[in-house]
Amino acid sequence: HDWNRQIKGFLTGGMLTTKYVARSMIAKGVKGAIIHVISDAGHQGEAGNSGYSAAKAGLLNFSRAAAMDLASYGIRVNTVSPTYIEHNLYLFGLAGVVRRQLGVTSDDFLQGIPLGRFCRASDLGYAGVWLASEEASFVTAVDIPLDGGAMRKYWPWRPGDYTGLNVEK
C-alpha cells in the first residue's frame, strides 16, 4: 500500500505536473522553469522508506530526461533536494516516530550535517526563486542539494563529533 501510494503521489504526480505545465507553456510560447522537490532520500537508500526513496530517485531522473525533452522549447527542468526541513512537525512530533523506528534522535541527524542545522523552508524558497530566475536561464537538468554538505562528506565522518584536534600529535 505505501509503495503504490508513494510511487503514485511523488513519481506519477511529478510526471503529470510536468506534462500539463509543459503543454500549457508550449501552447502559450512561454519559456521558463519547472522545479521539482526531491529529497536526500532520492540520492541514497533510506531504511524503512524504500517506496519514498524509489519515487524520489525516479522523479530526479525523470526531471533530467524531461529537461532534455523540453530544452528546445526553452523550458528548463531542475530539482532541489533538501534534507530534513526544520519545522515543528519534525522537531516536536515526527522526531519521536523517527527515534522509535530507527533508534536515532534529531541530534543524531544534526551531527551528520556539516553546517550543523536542518534545512529551512527559506533555503528551499531561495533555491527555487533562483532556479526560476533569469540568472539561472542557462541551468537545466541540475539538482541543488540543500543538505548542509551531508551527502558530500566522507561517510564515516561525524562533523558534530569533530574537535579539530590532530590525532597525529
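A: The model is predicted, with local features needing pLDDT of at least 70 and side-chain atom pairs pLDDT 80 or more, while totals for chains, interfaces and linings use all residues. Residues are numbered from 1 along each chain as its sequence is written, and side-chain values use heavy atoms, leaving out hydrogens and water.

Phenylalanine 10 and tyrosine 52 make an edge-to-face pair, with 5.2 Å from centre to centre and 85° between the planes. Since phenylalanine 10 belongs to helix 1 and tyrosine 52 to helix 2, this pair ties together parts that are 42 residues apart in sequence (helices are DSSP runs of H or I, at least four residues, numbered from the N terminus). Phenylalanine 10 is partly exposed at 31% relative accessibility, whereas tyrosine 52 is buried at 18% (buried is under 20%, exposed over 50%, partly exposed in between, with a 1.4 Å probe and protein chains only).

Both residues also take part in the meeting of the two helices, where the residues of helix 1 include Ile7, Phe10, Leu11 and Gly14, and those of helix 2 include Tyr52, Ala55, Leu59 and Phe62 (contact means heavy atoms within 4.5 Å).

In the other pair, tyrosine 154 and tryptophan 155 have ring centres 6.3 Å apart and planes at 50°, so this pair is tilted. Tyrosine 154 is exposed, with a relative accessible area of 59%, and tryptophan 155 is likewise exposed, at 70%.

Methods:
Phe/Tyr/Trp six-rings, centres within 6.5 Å; stacked < 30°, edge-to-face > 60°.
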